[in-house]
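Please open the structure in your viewer, keep the selection tool at hand, and follow the stops below in order.

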Amino acid sequence: MSEGVDNRRELLRRAALGAGALTATGLLGPALAAAQSTDDDDLRDYLVEATGLEQVAVLAYQTAADAKGTEPVLRRSLQRFGAQEQAHADAWRSALDSLGFDPPDPPDDATDTGVFEDVDGLSDEAANELTGLLDKLDGLTKPEALLRFLVQVEERELRYYLDEAPGLDSEDLSTTSAEVAGCQAEHLVVLNQALGDSPADAVKAASSAG
Amino acid sequence: MRSLSRRGFLGVGGSGVAGVALAACGTSVETRDSGHDTELLDAALSAETTVQATAAAAAQTPTEAQAEHELIEAIASASKARAEKLRTLGEGASGGQGSSEGDTMADLARASADAIAAYRPAAGQLSTADLRTTAITYLAQSAAELAGMRGLLGEDPAPQPFVTGGAEKPFAEPTTTTTNTTTTESTSTPTGG
């Protein structure tokens, strides 16, 4: 591939990441779609699964915050963490959109497992895992059970970023993924403490989760 | 592997249409090669040894709060292990001379944020996937430790969706969006998160 084409493709990837600041990302679609390649497909695959995981987390945080019996202070934290997960998902969705790929729809609720069926870039294994997470969330009502589910989801997200982000063919995607992984680790500390861990034990658990 | 300067990236991020035009003009790029490894690892090691030294000093400070003492001890141990690993990776690096930045948990929290800021560019720019894995893992561990300290200090443990550790803005700047499940209003105001 020529230097000029390489430069252009990397710039397009960066445009995709920065597109979170745009209000009309659709403007980028046609030009970016023309630049799709096998490497772009690799980025799409990464972003699609990341988006799916973040959207499951958004739904889980919303469910936990709304659960009867959740303490008010914890509820506010859960609402804010859900908003942060949505910010991650928005960044990945904007990147996908700007690269000319379709992001997966967010699930309306835990029974909305169809959103992960036949999604371009989402492997059967990943789709099954995401669907399984929704199945597991469906029916959870008690705050402690929901907190434990959130720990499971956050640990899965953290492992995903630690395993997959370093190999990406994009400096900025790797860097942004590191920023997101840091946020997931912070969430885990709070969740583990809410489940009764001491601060030191909560930090150790979060640090070893990846 | 290609790379733009941060200013160039933000220019693209701020205006996608302009970014496409720039691409067509062949804007200069950097290479993601091993040329910066020593510098990045040196910065990470220097920041980590400062965490280690500050944690050691804080551990000597009398406190009646058992939870605080346990957390500082845990951070001291983890930081020592990270510094030892970084020394094996950064042959030729001159880091490792970090000194204590104080002897309180607040001092340690600042040192931890500085370490996150050092790991952040390393996570994207180091030349091999193995090195980048180490950087992103250590960033996440440092973020967990900072969250634990913030909680004990009465601060927000997770103030930002994108953890940068310093004044640097995240690459992906969140915007206000509405979805079918959540209305999100996030900010990219840097707070050392």
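In which helix of chain A does G132(A) lie? Select residues 124–137 of chain A in this predicted model, and you have helix α5 of chain A, the one that holds G132(A). G132(A) counts as exposed because 12 C-beta neighbours lie inside 10 Å, and a residue with 12 or fewer is called exposed.

Next, move to chain B and select residues 66–89, which form helix α4 with its 24 residues. From the first C-alpha to the last, α4(B) reaches 35 Å, close to the 34 Å expected at 1.5 Å a residue. Colour the buried residues of α4(B), among them L71(B), I72(B), I75(B), S79(B), R82(B) and L86(B). An α-helix has 3.6 residues a turn, so residues three or four places apart point the same way. To see what covers the buried residues of α4(B), show α3 (37–60), α5 (105–125) and α6 (129–152) of chain B, and also α8 (199–207) of chain A, which are included in that cover.

Finally, colour chain B by pLDDT, which averages 76 there, with 67% of the residues scoring at least 70. Among the elements of chain B, α6(B) has the highest mean, 97, whereas helix α2 (residues 16–24) has the lowest, 27. Over residues 1–31 of chain B the pLDDT is below 50, although the model gives this stretch 61 contacts beyond near neighbours in sequence. Residues 175–192 of chain B also stay under 50, with 43 contacts beyond four places in sequence.

Notes:
Residues are numbered from 1 along each chain as its sequence is written. Chains are lettered from A and ligands numbered from 1 in the order in which they are written. This is a predicted model: local features need pLDDT of at least 70, side-chain atom pairs count only at pLDDT 80 or more; totals for chains, interfaces and linings use all residues. Helices (H or I, at least four residues) and strands (E, at least two) are DSSP runs, numbered from the N terminus. The expected span of a helix is 1.5 Å times one less than its number of residues. A residue is buried if 20 or more other C-beta atoms lie within 10 Å of its own, exposed if 12 or fewer, and partly exposed in between; C-beta atoms are placed from the backbone. Two residues are in contact if their C-beta atoms, placed from the backbone, lie within 7 Å. pLDDT is the predictor's confidence in each residue, from 0 to 100.
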